[in-house]
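This briefing is for a reader meeting the structure for the first time.

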Amino acid sequence: MPPNKPPTSRLDQVVADAIRNRQSREAGYREQALKIYPWICGRCAREFVRENLQQLTVHHKDHNHDNNPTDGSNWELLCLYCHDNEHSRESDAEAARQAGAGFGNKVEVSRATAQPFANLKDLLSKKQQ
């Protein structure tokens, strides 16, 4: 079909839409990353094929989704599980920083005051008598 000719049938329209959608996807950072890197999780080394490729995600190393250099230097491919784990670790670290428990910070830790075994010796000695 010539590029300037409008689609004449429903099939032509579907094909034109599919081509346009593919081009749009290929312009996105996920498709770029899938072309640059092997289809392997960067953490657990699980290998992916076309049938399960939807389970392989692009992780932004600096956590900035707007930072998408075309050389892929801010991306790594992670499976869904490792990607979730990475973001959980980041959330946990941020919560610890906000609580003041970062490295080098002295944090006042409240100690437990309950002593559940305080009279265990007495209880055992009574049982043996």
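In helix 3 of this predicted model, Cys82, His83 and Glu86 are buried, where buried means under 20% relative accessible area, exposed over 50% and partly exposed in between, with a 1.4 Å probe and protein chains only. These three residues lie on the same side of helix 3 because they cover an arc of only 110° around the axis, an arc taken from the directions from the helix axis to the C-beta atoms. Helices (H or I, at least four residues) and strands (E, at least two) are DSSP runs, numbered from the N terminus.

The model is predicted, so local features need pLDDT of at least 70 and side-chain atom pairs count only at pLDDT 80 or more, while totals for chains, interfaces and linings use all residues. Residues are numbered from 1 along each chain as its sequence is written, and side-chain values use heavy atoms, with hydrogens and water left out.

**Helix 3**
- The face of helix 3 turned away from its buried side carries the exposed residues Tyr81, Asp84, Asp92, Gln98 and Ala99.
- Strand 1 and strand 2 are among what covers the buried residues of helix 3, a contact being heavy atoms within 4.5 Å.
- Helix 3 has 20 residues (80–99), which at 1.5 Å a residue should span 28 Å, and this agrees with the 29 Å between its end C-alpha atoms; the expected span is 1.5 Å times one less than the number of residues.
- Gly100, with a positive phi near 85°, follows helix 3.

**The strands**
- Strand 1 (residues 56–60) is mostly covered, with five of its five residues buried.
- Leu56, Val58 and His60 point one way from strand 1, and Thr57 and His59 point the other way.
- In a regular strand, side chains alternate between the two faces of the sheet.
- Strand 1 pairs with strand 2 (residues 75–79) in the antiparallel sense over five bridges, pairing being called when DSSP finds at least two bridges between two strands.
- Opposite Val58 stands Leu77 of strand 2.

**The nonpolar core**
- The largest nonpolar core has 12 residues, including Ala33, Phe48, Val58, Trp75 and Cys82; such a core is a set of buried Ala, Val, Leu, Ile, Met, Phe, Trp, Tyr and Cys residues joined through side-chain atoms within 4.5 Å.
- Helix 2, strand 1 and strand 2 each give two or more residues to this core.
- Strand 2 supplies the largest share of the core, four residues.
- Leu34 touches Trp39, Leu53, Leu56 and Leu77, when residues up to four places away in sequence are not counted.

**Two loop residues with positive phi**
- Ala45 is not a glycine, yet its phi is positive, about 65°.
- Ala45 sits in the loop between helix 2 (29–36) and strand 1 and is partly exposed, at 47% relative accessibility.
- His63 also is not a glycine and has a positive phi of about 65°.
- The loop between strand 1 and strand 2 holds His63, which is partly exposed with a relative accessible area of 30%.

**The chain as a whole**
- The protein chain has four helices and two strands, in the order α-α-β-β-α-α along the sequence.
- Of its 129 residues, 17% are buried.
- The mean pLDDT of the chain is 82, and 83% of its residues reach 70 or more; pLDDT is the predictor's confidence in each residue, from 0 to 100.
- Among the elements, strand 2 has the highest mean pLDDT (95) and helix 4 (residues 120–128) the lowest (79).
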